[in-house]
Amino acid sequence: MGPIRPPPPSVLGAAEAAAMGLGEGSLAPRVSCLLPTGPGARLLQLPRGVSDSRAGRAAASKRDLEGERGEKGGGAVPRSSKCCWCGWSEALSAAVTALRAGGLVAVPTDTLYGVACSACCSAALGAVYSLKGRSQTKPLAVCLGRVADIYRYCHVRVPRELLEDLLPGPVTLVMERSGELNKDLNPFTPLVGIRIPDHAFMRDLAQAFSGPLALTSANISSQPSSLNVKEFQDLWPQLSLVIDGGPIGDVKSPECRLGSTVVDLSVPGKYRIIRPGCALTQTAAILQKKYRLVPSEESCS
C-alpha cells in the first residue's frame with residue numbers, strides 16, 4: 001500500500017479555515033470553497049467488525065486506550081500499529097473538515113467504495129468529473145443522512161412509507177429535484193438520484209456534514225468498481241482523505257460490483273429501472289406488490 005503520509009500543512013490550514021467559516025446548517029445552495037492541494041491523501045482506518053456508529057466509537061476508544069497503555073508500559077500495542085488508525089469520531093471529524101474545504105473524500109458504502117464531495121461546491125463537483133474522467137452529462141447522485149432530508153431536495157410523489165422501506169439501503173431513488181440543490185449539480189436534468197447507504201459511517205457523515213453530498217463510485221469511468229481501498233490507490237493523489245472501512249462484499253463475486261439499484265420514481269404510479277444493480281429483485285417486489293406501482297415500458301427490469 002505504500003507509506004501513509006499526513007496531509008501537508010497547507011491542506012490542513014485550508015480545511016480548518018473553511019470549516020470555521022461554514023458552521024453546520026449554514027450551507028447555501030451554492031457556496032465558494034477551497035480545493036486542497038498537495039501530494040497524496042490522508043488514510044484513516046475505521047474500527048473493524050462493527051455494525052453501527054456507537055459500536056464504532058466504542059471500539060475506537062478501546063483500541064486507543066490499549067495503544068496508550070502499550071506505549072507507557074511497553075505492552076503489545078506499539079506506536080507503529082496506531083499510525084493509520086483513528087477512532088470513529090476522529091474519522092468523522094476529518095471527513096467533514098475535508099468536505100467543507102471542497103475536498104474529495106473516499107468513503108465506504110453498503111455497496112462499493114465511493115468518492116464524496118460537497119454538492120454545494122461547484123469546484124469540487126468539477127474535480128470529481130476530472131478525477132474519474134467522467135462525461136459531465138452523466139449525473140452524480142446525492143447522499144443524505146435521513147429520509148426526512150429528501151423532502152428538502154426533491155419533490156416526492158410516493159408515500160413516505162415507500163421511502164422508508166427502501167432507505168437506508170442499496171438503492172438510488174430518482175425524483176424531481178427542488179430548487180435547494182446547487183444549479184451546477186447535474187444542470188442538464190430536472191431529476192436527481194438520492195442515496196442513503198445502509199452504512200453507519202456514511203449516515204453519520206451525511207448528518208454531521210449537514211448538507212447534500214455528491215456521491216459516485218471510486219474508480220475511473222468504465223473501469224471496475226472498488227471493494228477495498230487498494231483497488232483505487234491510483235486515485236489517492238487527487239483525494240484529500242481516504243476512509244478505510246475494510247473490504248466490502250466478496251471481491252471474487254461480480255455481483256458485488258454492480259452498485260446500487262437505480263429506480264426512477266418521478267412519475268406518479270410508475271417506476272422505471274435505470275440500472276438493475278445489486279438489489280433489483282427485492283426492490284421491484286416492494287414497488288409492485290406493496291405499493292402497486294406499475295413498471296414503465298422503458299424499464300430494463
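Here is a short report on cysteines, one asparagine and a pocket.

This is a predicted model, in which local features need pLDDT of at least 70 and side-chain atom pairs count only at pLDDT 80 or more, while totals for chains, interfaces and linings use all residues. Residues are numbered from 1 along each chain as its sequence is written, and side-chain values use heavy atoms, with hydrogens and water left out.

The structure holds zero disulfides (a disulfide being a pair of cysteine sulfur atoms within 2.5 Å).

| Cysteine | Closest sulfur in | Distance |
|---|---|---|
| Cys 117 | Cys 121 | 6.9 Å |
| Cys 278 | Cys 256 | 8.3 Å |

For Cys 117, that separation is too far for a bond. Cys 117 is buried at a relative accessible area of 0%, whereas Cys 278 is partly exposed at 36% (buried means under 20% relative accessible area, exposed over 50%, partly exposed in between, with a 1.4 Å probe and protein chains only).

Asn 182 sits in the loop between strand E6 (171-177) and strand E7 (191-195); strands are DSSP runs of at least two residues, numbered from the N terminus. Asn 182 is buried, with 2% relative accessibility, and its side chain reaches the backbone oxygen of Ala 119 at 3.3 Å.

Turning to the lining of the largest pocket, E7 gives the most, with four residues. Strand E3 (113-118), E6, strand E8 (213-217) and strand E11 (270-275) are among the strands that each supply at least two.

Terms used. A polar contact is a pair of N or O atoms within 3.5 Å; within protein, one must be able to donate a hydrogen and the other to accept it, and residues adjacent in sequence count only if both atoms are side-chain atoms.
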